[in-house]
Amino acid sequence: MASFEKHSLVGQVALVTGASAGIGRACAIELARAGADVVVNHRHSEDEAKETAAEIEALGQHAVVIQADVSVEADIVRLFDQAEEALGPLDIVVSNAGLQKDAKIGDMTLDDWNAVISVNLTGGFLVGREAIKRFRKKGVRSQVSPAMGKLIFDSSVHQVIPWAFHVNYAASKGGLHLLMQSLAQEVSAEKIRVNAVAPGAIATAINAQERARNEEGMLKLIPYGRIGEPADIGRAVAFLASDASDYMTGQTLFVDGGMTLYPEFRGNG
Ligand code: NAD
């Protein structure tokens, strides 16, 4: 196999949660660009999800739009059932859906805490568990990949960088880190690869207000000197989904313009 072919996802089926916008949409598109058919999940943004699907179809791949809330167990089982019915057994699952509900600790309600943990962390558990069950049922399809399945979590630099005023979010991503590693330890012997991508600051709705208020401050945290684009993450996810990364499992790929280099320490401390 020529090395460029190892980046190919031709003949594979991918599912991306929260793919109606932002990073999830970019992941879905980059997976399609590499040749995969893609299941586009959304929670309550059908029109936007259809736009993602249209972009995938314009690349010559099949797409199907399926509503499901990643924090609801029955929704996840239905999502995977409908996905397989529409496009066949899944080779790649990207657990991307996530949200923020920011507050100072004294003002953070239990609802704020639960909302973030239930989507970012419990959602990752539910999607990851179902993906692994389905990969096992499908088995290895050696004509498309030596791996039985590829599971990729969308984490964050805040799996390692503490984040005041966002303790629910940082805790969810810190938890996701050990969820990812523990799953990888549990299932890698079955040829299921489990990895994560950890974005820095990427221009999406999740941080639109902060970018409008404080883009200069954000840029001080990014040695490479620009806010990231969703496609920066989509391309990294396509790599983790492909056989080009076949010897990687249990790893987090930081795609952050150097944010985790802690640039505040350059000439300081
Ligand atoms: P976004 O708000 O544009 O997209 C989030 C997506 O998740 C949306 O499509 C939303 O509908 C979906 N979603 C939310 N709750 C859901 C649920 N319960 N069920 C199904 N879908 C649901 O934000 P984004 O920046 O694209 O975020 C995507 C992921 O990237 C998140 O996990 C986020 O934590 C992570 N991330 C983003 C950044 C960044 O700077 N943008 C940085 C690090 C990590």
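## His7 and the basis of the model

At 42% relative accessibility, His7 counts as partly exposed, a class that lies between buried, meaning under 20% relative accessible area, and exposed, meaning over 50%, with a 1.4 Å probe and protein chains only. His7 is placed in the segment before strand S1; here strands (E, at least two residues) and helices (H or I, at least four residues) are DSSP runs, numbered from the N terminus. Not counting residues up to four places away in sequence, His7 touches Ala34, Phe239, Ser242 and Ala244, where contact means heavy atoms within 4.5 Å. His7 and Leu179, by comparison, are 172 residues apart in sequence and 26 Å apart in space, C-alpha to C-alpha.

This is a predicted model, in which local features need pLDDT of at least 70 and side-chain atom pairs count only at pLDDT 80 or more, while totals for chains, interfaces and linings use all residues. Residues are numbered from 1 along each chain as its sequence is written, and side-chain values use heavy atoms, with hydrogens and water left out.

## Helix H3 and its buried side

Helix H3 covers residues 73–87, and its 15 residues reach 21 Å from the first C-alpha to the last, close to the 21 Å expected at 1.5 Å a residue; the expected span is 1.5 Å times one less than the number of residues in the helix. Within H3, the residues Asp75, Ile76, Leu79, Phe80 and Ala83 are buried. These residues cover an arc of only 130° around the axis, which puts them on the same side of H3, the arc being that of the directions from the helix axis to the C-beta atoms.

The buried residues of H3 pack against strand S1 (13–16), strand S2 (37–42), strand S3 (63–67), strand S4 (92–95) and helix H4. On the face of H3 turned away from this buried side, the exposed residues are Ala74 and Glu85. After H3 comes Gly88, whose phi is positive, near 100°.

## Helix H5 and Lys173

Helix H5 has 21 residues, which should span 30 Å at 1.5 Å a residue, and its end C-alpha atoms are 30 Å apart, which agrees. Its buried residues include Asn168, Tyr169, Leu176, Leu179, Met180 and Val187, and the buried residues of H5 pack against H4, strand S5 (149–154), S6 and S7.

Lys173 is found in H5, which runs over residues 167–187, and Lys173 is buried, with a relative accessible area of 4%. Leaving aside its neighbours within four places in sequence, Lys173 is in contact with Asn120, Asp154, Ser155, Ser156, His158 and Gln159. Lys173 and Ile117 are 56 residues apart in sequence, and the distance between their C-alpha atoms is 8.9 Å.

## Salt bridges across the chain

Side chains of opposite charge can pair when their charged atoms come close. A salt bridge is here a side-chain nitrogen of Lys or Arg within 4 Å of a carboxyl oxygen of Asp or Glu, and by this rule the count comes to 15 salt bridges. One of them joins the side chains of Arg25 and Glu51 (3.3 Å, N to O), and this pair links distant parts of the chain, with Arg25 in helix H1 (residues 22–33) and Glu51 in helix H2 (residues 46–58), 26 residues apart. Arg25 is buried, with a relative accessible area of 17%, whereas Glu51 is partly exposed, at 45%.

A salt bridge also joins the side chains of Arg134 and Glu84 (3.2 Å, N to O), and it links distant parts of the chain, Arg134 being in H4 and Glu84 in H3, 50 residues apart. Arg134 counts as buried at 8% relative accessibility, and a network of salt bridges links Asp81, Glu84, Glu130 and Arg134. The side chains of Asp246 and Arg193 meet in a further salt bridge (3.8 Å, N to O); Asp246 lies in the loop between helix H7 (230–241) and strand S7 (252–255), and Arg193 lies in strand S6 (residues 192–199), 53 residues apart. Asp246 is partly exposed, with a relative accessible area of 32%, while Arg193 counts as buried at 4% relative accessibility.
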